[in-house]
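Please look through the sequence and the structure below, and then read the briefing that follows, which is grouped by topic.

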Amino acid sequence: MFYNVLKAKDIIELGEEKYKKETLLQKEDSSFNIVALKKDEIIDTHTAIADAALYMIDGEIEIHFDAEKFKLDKGEIIMFKKDCQHKVWAKKDSKFFIIKV
């Protein structure tokens, strides 16, 4: 995959699946992943193992941290610290990058 120009929205397709994640790069606790999530699907509460940034390629999600929630649309980014519990709810069919460092 190195030295290829890729269109972010075309890297991952769901088909009949409701959730799909692909790791594009990985080294120790750092990684670069792409996630696709069908509308109304939820990634249950989990804890970040590293500082992270989530970049919306397409769609709309809500990301919940304890009592706070944030809506993200195409082209928006949110960053959060390691050990932060959160969950993700797809408001539309969505694709996003997760970068962990």
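**A hairpin, a core and a lysine**

Strands E5 (60-65) and E6 (residues 68-73) pair in the antiparallel sense over six bridges, where strands are DSSP runs of at least two residues, numbered from the N terminus, and two strands pair if DSSP finds at least two bridges between them. This is a predicted model, in which local features need pLDDT of at least 70 and side-chain atom pairs count only at pLDDT 80 or more, while totals for chains, interfaces and linings use all residues. Residues are numbered from 1 along each chain as its sequence is written, and side-chain values use heavy atoms, with hydrogens and water left out.

**The hairpin**
- E5 and E6 form a hairpin with two residues between them, and Asp-66 in the turn has a positive phi of about 45 degrees.
- His-64 has Lys-69 in E6 as its bridge partner.

**The nonpolar cores**
- Leu-54, Ile-63 and Phe-96 touch the most other members of the largest nonpolar core, which has 17 residues; such a core is a set of buried (under 20% relative accessible area, 1.4 Å probe, protein chains only) Ala, Val, Leu, Ile, Met, Phe, Trp, Tyr and Cys residues joined through side-chain atoms within 4.5 Å.
- A second, separate core of seven residues includes Leu-14, Leu-24, Ala-36 and Ile-57.

**Lys-95**
- Lys-95, which lies in strand E9 (residues 94-100), is buried, with a relative accessible area of 14%.
- A polar atom of the Lys-95 side chain lies 2.8 Å from the backbone oxygen of Ile-12.
- Not counting residues up to four places away in sequence, Lys-95 touches several residues (heavy atoms within 4.5 Å), among them Glu-13, Ala-36, Ile-57 and Asp-58.

Terms used
Helix = DSSP H or I, 4+ residues; strand = E, 2+ residues; numbered from the N terminus. Buried < 20%, exposed > 50% of the residue type's maximum accessible area, 1.4 Å probe, protein only. Polar contact = N/O pair within 3.5 Å; in protein donor to acceptor, adjacent residues only side chain to side chain.
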